[in-house]
Amino acid sequence: MEPLGLVVHGKAEPFSEALRSLVNNPRYSDVCFVVGQERQEVFAHRCLLACRCNFFQRLLGTEPGPGVPSPVVLSTVPTEAFLAVLEFLYTNSVKLHRHSVLEVLTAAVEYGLEELRELCLQFVVKVLDVELVCEALQVAVTFGLGPLQERCVAFIEAHSQEALRSQGFLELSAAALLPLLRSDKLCVDEAELVRAARSWARVGAAVLERPVAEVAAPVVKELRLALLAPAELSALEEQNRQEPLIPAEQIVEAWKCHALRRGDEARGAPCRRRRGTLPREHHRFLDLSFK
């Protein structure tokens with residue numbers, strides 16, 4: 001009986017470095033990608049991409065005809081992110097950077113590279129800060145990355161005022177803003193949250209060329225107007241006449257809480273206090289306290 005063979009392994013590092021030298025190397029390459037808005041050429045090797053990634057297997061499935069094959073255009077992925085994907089496919093390792101990791105993560109999700117996706121998620125959690133968190137939240141919501149969304153929301157809850165003043169906050173979609181406005185744990189007062197929502201809606205209105213109130217409609221119902229003092233609510237009502245943001249009936253419901261001296265979430269005026277809600281005289285009449 002023939003003895004069983006034994007698999008032995010050489011050093012992994014020289015092998016990995018040799019393959020890394022082939023990333024974007026036109027020598028021996030048989031496929032050229034035109035990548036990103038800058039339309040940069042990136043060279044690769046069909047057999048390696050196809051055996052490592054089903055996306056590329058489908059994309060490159062047809063055999064190239066005689067002559068020089070046409071470039072494959074991938075206009076939505078930035079060049080730096082695409083090169084990181086190639087580095088991972090060639091070497092099973094990748095050097096990630098804070099400024100581009102979310103683009104690499106997006107590409108990993110779109111190309112079905114689960115291991116690279118997990119590496120990116122771990123890196124994002126390590127480098128998460130005020131400037132990155134809203135952009136990371138947007139990616140998490142867009143691609144249904146639940147654990148990352150939870151980490152981002154928790155970070156914003158702990159650093160609410162700084163996050164609400166970031167450029168990333170202004171660029172959130174309505175779907176990404178909603179879990180923030182629904183949170184009881186935001187460390188910010190409701191008056192400041194209303195101002196942040198107005199700023200967000202103004203930016204969205206300018207980009208989408210739609211009225212501010214229309215842009216704000218999916219999210220403003222989560223603002224807890226009954227937490228505002230009467231003078232603040234009056235000022236908001238006047239500002240709302242000049243620049244509509246909040247439906248009039250939502251403001252009316254907040255006034256009802258003041259008139260009845262009780263909170264009644266079922267009537268459409270949620271008044272549960274958030275972690276950062278500043279105390280006001282009328283809060284002692286509210287029957288929904290912070291949870």
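1. The side chains of Arg-198 and Glu-243 form a salt bridge with an N to O distance of 2.8 Å. A salt bridge here is a side-chain nitrogen of Lys or Arg within 4 Å of a carboxyl oxygen of Asp or Glu. Arg-198 belongs to helix H12, whereas Glu-243 sits in the loop between H14 and helix H15 (248–260), so the pair ties together parts that are 45 residues apart in sequence. Helices (H or I, at least four residues) and strands (E, at least two) are DSSP runs, numbered from the N terminus. Arg-198 is buried, at 3% relative accessibility. The terms for accessibility are as follows: buried means under 20% relative accessible area, exposed over 50%, and partly exposed in between (1.4 Å probe, protein chains only).

2. A word on the basis of these values is needed. The model is predicted, so that local features need pLDDT of at least 70 and side-chain atom pairs count only at pLDDT 80 or more, while totals for chains, interfaces and linings use all residues. Residues are numbered from 1 along each chain as its sequence is written, and side-chain values use heavy atoms, with hydrogens and water left out.

3. The chain is divided into domain 1 (21–59 + 72–125), domain 2 (128–187) and domain 3 (188–290); these bounds come from an automatic or database domain assignment. The C-alpha centres of domain 2 and domain 3 are 20 Å apart. In the contact between these two domains, 19 residues of domain 2 meet 19 residues of domain 3, where contact means heavy atoms within 4.5 Å.

4. How much area do domain 2 and domain 3 bury between them? The value is about 1700 Å², with 65% of it on carbon and sulfur atoms. Buried area is the accessible area (1.4 Å probe) that two parts lose on being put together, summed over both. Leu-170, Leu-181 and Asp-184 supply 35% of the area that domain 2 buries against domain 3, more than any other three residues.

5. Polar links also cross this boundary. Between domain 2 and domain 3 there are 4 salt bridges and 11 residue pairs in polar contact (both at pLDDT 80 or more). A polar contact is a pair of N or O atoms within 3.5 Å; within protein, one must be able to donate a hydrogen and the other to accept it, and residues adjacent in sequence count only if both atoms are side-chain atoms. On the side of domain 2 that touches domain 3, the elements giving two or more residues are helix H9 (160–164), helix H10 (167–170) and helix H11 (174–181). H11 gives the most to this side, with 5 residues.

6. Within H11, Ala-176, Leu-177, Leu-178, Leu-180 and Leu-181 are buried. The cover over the buried residues of H11 includes helix H7 (130–143), helix H8 (146–158), H10, helix H12 (190–208) and helix H13 (212–220).

7. Glu-192 and Arg-165 form a salt bridge in which the closest N and O atoms are 3.4 Å apart. Glu-192 lies in helix H12 and Arg-165 in the loop between H9 and H10, so the pair ties together parts that are 27 residues apart in sequence. Are the two partners buried or exposed? Glu-192 is buried, with a relative accessible area of 18%, whereas Arg-165 is exposed at 59%.

8. Arg-224 and Asp-184 are joined through their side chains by a salt bridge of 2.8 Å, N to O. Arg-224 lies in the loop between H13 and helix H14 (230–242) and Asp-184 in the loop between H11 and H12, so this pair ties together parts that are 40 residues apart in sequence. Arg-224 is buried, with a relative accessible area of 4%, and Asp-184 is buried as well, at 13%.

9. Glu-190 lies in helix H12 and is buried, with a relative accessible area of 0%. A polar contact of 2.7 Å joins its side chain to that of Arg-274. Leaving aside residues up to four places away in sequence, Glu-190 touches Glu-222, Leu-223, Arg-224, Leu-227, Leu-228 and Arg-274.

10. Two backbone angles deserve a check. Tyr-28, a residue other than glycine, has a positive phi near 70°; Tyr-28 is in the loop between helix H1 (12–20) and strand S1 (31–35) and is exposed at 63% relative accessibility. Arg-39 is not a glycine either, yet has a positive phi of about 55°. Arg-39 is placed in the loop between S1 and strand S2 (40–44) and counts as exposed at 53% relative accessibility.
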